[in-house]
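Here is a friendly tour of some side-chain contacts and a surface patch. Please keep the sequence and the 3D view open as you read.

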Amino acid sequence: CSSDLICYAQVGELRVPTNVVAGTASAINTTGSGSATFYLVGPGSSFKRDVKLGEEIPLEGRDLHAAGRYLAIVCSDSCRSADFFVAPAKPVNLIFLVHPSRAPVAQNGIISGVALPFDEFHNLVFAPASVNFQLTTGGKTLMSRPVITQGGVAWFRTNSGKAAGALQIVAAINDLNVRRVVQQVASDPCNLRIKGERTKKGIVVETEPVRDCSGNPVPDGTVVTF
């Protein structure tokens, strides 16, 4: 090349794709003439190959499996670059975390959960999606609530039920559903009752079965001071 202007004309323009979805094939259009070296740099891969200017540069789905920003570069005597973005594919996996694993009954806002949808390439799906959270125990539904993801995250916080036992928590999106279990246990003892009777050796005092305010038996090992 005799000048930068002539080199620029030979390299020509890069027309990168729009609305690319992870794992799908695409292509970059070029103008100009002659041979050049093509570089693709992305969050999941980078490579180079020899190309002919003025021809289409094909991109396979495996080249675009990671969502994020990609930089396409074509170099001859000079270089030309353009960037484009790859969006996540549809959700096929749901990560669901629930806290805590054991919760006292009748406690306000003690149970929380967070769900994160991922596509088949392990990309977090940022597009808004509806996640339905459902809590059931003893055959009864305590809560059923759809939540729209924000920034790829949907979450809830709720009260524990009044009956001790297993609390089933399900997060569902489309045909995906993930189940977690929180063990609800008795809360603090409530309304302690005692009775006494005289015996030949003195007086015997004992409590009635110790229960919490919701009527759940308090587990053995609870200390009662007379």
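A patch, as the word is used here, is made of residues with over 30% relative accessible area and no salt bridge, and nonpolar side chains are joined into one within 5 Å. Keep in mind that this is a predicted model.

**A nonpolar patch on the surface**

With that definition in hand, look for Leu192, Ile194, Ile203, Val205 and Phe226, which form a nonpolar patch on the surface. Together these residues have about 550 Å² of accessible area. Leu192, one of the members, sits in the loop between strand 16 (176–185) and strand 17.

**Salt bridges**

| Pair | N to O distance |
|---|---|
| Arg80 and Glu13 | 2.9 Å |
| Glu60 and Arg62 | 2.8 Å |
| Lys195 and Glu206 | 3.7 Å |

Start with Arg80, which forms a salt bridge with Glu13. Arg80 belongs to strand 8 (residues 79–87), while Glu13 is in the loop between helix 1 (4–11) and strand 1 (14–15), so this contact ties together parts that are 67 residues apart in sequence. Arg80 is partly exposed, because its relative accessibility is 24%. Glu13 has a relative accessible area of 32%, so Glu13 counts as partly exposed too.

Next, find Glu60 and Arg62, whose side chains meet in a salt bridge. Is Arg62 buried or exposed? Its relative accessibility is 65%, and because the cut-off for exposed is over 50%, Arg62 counts as exposed. Glu60, at a relative accessible area of 41%, is partly exposed.

Turn now to Lys195, which forms a salt bridge with Glu206. Lys195 lies in strand 17 (residues 194–199) and Glu206 in strand 18 (residues 202–207), so the pair joins parts of the chain that are 11 residues apart in sequence. Lys195 is partly exposed, with a relative accessible area of 48%. Glu206 is partly exposed as well, at 41% relative accessibility.

**Aromatic pairs**

The count of aromatic pairs comes to four. Take Tyr70 and Phe84 as one of them: why is this pair stacked? The ring centres of Tyr70 and Phe84 are 5.6 Å apart and the planes meet at 15°; because planes under 30 degrees apart count as stacked, this pair is stacked. Tyr70 is in strand 7 (residues 68–75) and Phe84 in strand 8, and the pair links distant parts of the chain, 14 residues apart. Tyr70 is buried, at 0% relative accessibility. Phe84 is also buried, with a relative accessible area of 3%.

Phe133 and Phe156 make another pair, with ring centres 4.8 Å apart and planes at 50°, so this one is tilted. Phe133 comes from strand 12 (residues 130–137) and Phe156 from strand 14 (residues 154–158), so the contact ties together parts that are 23 residues apart in sequence. Phe133 has a relative accessible area of 0% and is buried. Phe156 counts as buried too, at 1% relative accessibility.

Methods: Residues are numbered from 1 along each chain as its sequence is written. This is a predicted model: local features need pLDDT of at least 70, side-chain atom pairs count only at pLDDT 80 or more; totals for chains, interfaces and linings use all residues. Side-chain values use heavy atoms; hydrogens and water are left out. A salt bridge is a side-chain nitrogen of Lys or Arg within 4 Å of a carboxyl oxygen of Asp or Glu. Helices (H or I, at least four residues) and strands (E, at least two) are DSSP runs, numbered from the N terminus. Buried means under 20% relative accessible area, exposed over 50%, partly exposed in between (1.4 Å probe, protein chains only). Rings of Phe, Tyr and Trp (its six-membered ring) pair if their centres lie within 6.5 Å; planes under 30 degrees apart count as stacked, over 60 as edge-to-face and the rest as tilted. Patches are made of residues with over 30% relative accessible area and no salt bridge: like charges are joined within 9 Å, nonpolar side chains (Val, Leu, Ile, Met, Phe, Trp, Tyr) within 5 Å. Accessible areas come from the Shrake-Rupley method with a 1.4 Å probe; for residues, only the protein chains shown count as cover.
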